[in-house]
Structure formats: structure tokens, C-alpha cells
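Q: Please take a close look at one part of this model, a single side chain and what surrounds it. Then go on to how other parts are packed.

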Amino acid sequence: MTRMTTDPLDLGDDKSLLLVDDDEAFLKRLAKAMEKRGFEVEMAGSVAAGKAIATARPPAYAVVDLRLEDGNGLDVVEVLRARRPESRIVVLTGYGAIATAVAAVKIGATDYLAKPADATDVTNALLALTDTLPPPPENPMSADRVRWEHIQRVYELCDRNVSETARRLSMHRRTLQRILAKRSPR
């Protein structure tokens, strides 16, 4: 039987961790789990708050959500990278897109994880050596779920216009309507 470890890890002298996410419940759960692992957590619920903390007290570690209500989490990554180049940064998002992952890494993120990522996934990504990949997540999203998330994202970006979404996804409109009418896959 595998036991989920929450023993303090070797985080180095500076254990500061900045968490930036506008999902308050997720933010609090992740903060509590990361504190149990030995991090000294500071939370921000917006791009503005994240940038302020990154400027005033740049942390050794950061976990930043990509899409926030007041902007793009990559803005926080840029500020943090400018203030503390050696910091370890993980970008989280509910919309796993290759183009966004490339942009996040180019700006200076250490790794990129799709939500739902748990504290173990985040910790593994933060502490992974630069030349090694972290172990695969215990419960990754299914391919059906990833497809559904992508369709939902494009649908929202097209202002919930079914015809425009179908055109952009090269999909028949009725097929798209059937997909949108169903519940999300697990």
C-alpha cells in the first residue's frame, strides 16, 4: 500500500512559495497541503496581487494559474523571473494547450501542469531537476476530458456561438450541439 507523504521535504534555505489562483477554494486547499510539505506559503487571488508580491518579496517557488479574472498569469511569471531568475515556477491551467505550454516555458516557467493537479504533482514539478522530468501524475485527465475541455474553451472564446465554434473546430454543428448537451467526462 502506498502512503501519500506529507513529511517536510528538503526545500533549501528559502522555503517561500507564492500561489496565484482566482479559485479561492482550490487556492486554500493547495496552500494547506503545501504548508504541510514545509513551504512558507503566500497566496494571491489576482494578477495584480501576484505581481505585487513577486515585486516586493520574490519567492523561491511559485505556482501560477494561467487564466485569472484580471488577466494572464504569465504576467506574474515575467515579473517573478525578472526579480528572481533562479525561482522555480509551475504554471497551472484548466485548459491544456501546447501553444500556451510553450509560451509559459519560454517566459521562464519550470513546468506546466493541467488542472486538476494535486499537491503531489505540484511538489514534484517544483522540485524536479531541470534535466529530468517529474513522474507522471497519479490521476491524469482522460483523453475524453481533455477533448471536452478544449471544446468548452473554444466555445467560450467564440462567445458561446455554436456555429462559429463548429467552424473553428472543423466539426459539424449538430455534432457539436450533441457534445455540448452532454455532461463532462471524468
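A: A polar contact is a pair of N or O atoms within 3.5 Å; within protein, one atom must be able to donate a hydrogen and the other to accept it, and residues adjacent in sequence count only if both atoms are side-chain atoms. The model is predicted, and local features need pLDDT of at least 70, side-chain atom pairs count only at pLDDT 80 or more, and totals for chains, interfaces and linings use all residues. Residues are numbered from 1 along each chain as its sequence is written, and side-chain values use heavy atoms, with hydrogens and water left out.

The side chain in question is that of Thr-165, which has a polar atom 2.7 Å from the backbone oxygen of Asn-161. Thr-165 belongs to helix α7, residues 162-168. Helices (H or I, at least four residues) and strands (E, at least two) are DSSP runs, numbered from the N terminus. With a relative accessible area of 0%, Thr-165 is buried. Buried means under 20% relative accessible area, exposed over 50%, and partly exposed in between, with a 1.4 Å probe and protein chains only. Leaving aside residues up to four places away in sequence, Thr-165 touches Ile-151, Val-154, Tyr-155, Cys-158 and Leu-176, where contact means heavy atoms within 4.5 Å.

Arg-174, in helix α8 (residues 173-181), is exposed, with a relative accessible area of 52%. Between Arg-174 and Val-162 there are 9.0 Å from C-alpha to C-alpha, and they are 12 residues apart in sequence.

Elsewhere, helix α2 (residues 47-56) has buried residues Val-47, Gly-50, Ile-53 and Ala-54. Seen down the axis of α2, these fall within an arc of 130°, so they line one face of the helix; the arc is that of the directions from the helix axis to the C-beta atoms. They pack against β1 (16-20), β2 (40-44), β4 (67-68), β5 (71-72) and α3.

The axes of α2 and α3 (residues 74-83) come within 9 Å and cross at roughly 5°, which makes α2 roughly parallel to α3. Axes are lines fitted to C-alpha atoms, for helices over the stretch in contact, and angles run from 0 to 180 degrees between N-to-C directions. Angles under 35 degrees count as roughly parallel, over 145 as roughly antiparallel, 65 to 115 as roughly perpendicular and the rest as oblique.
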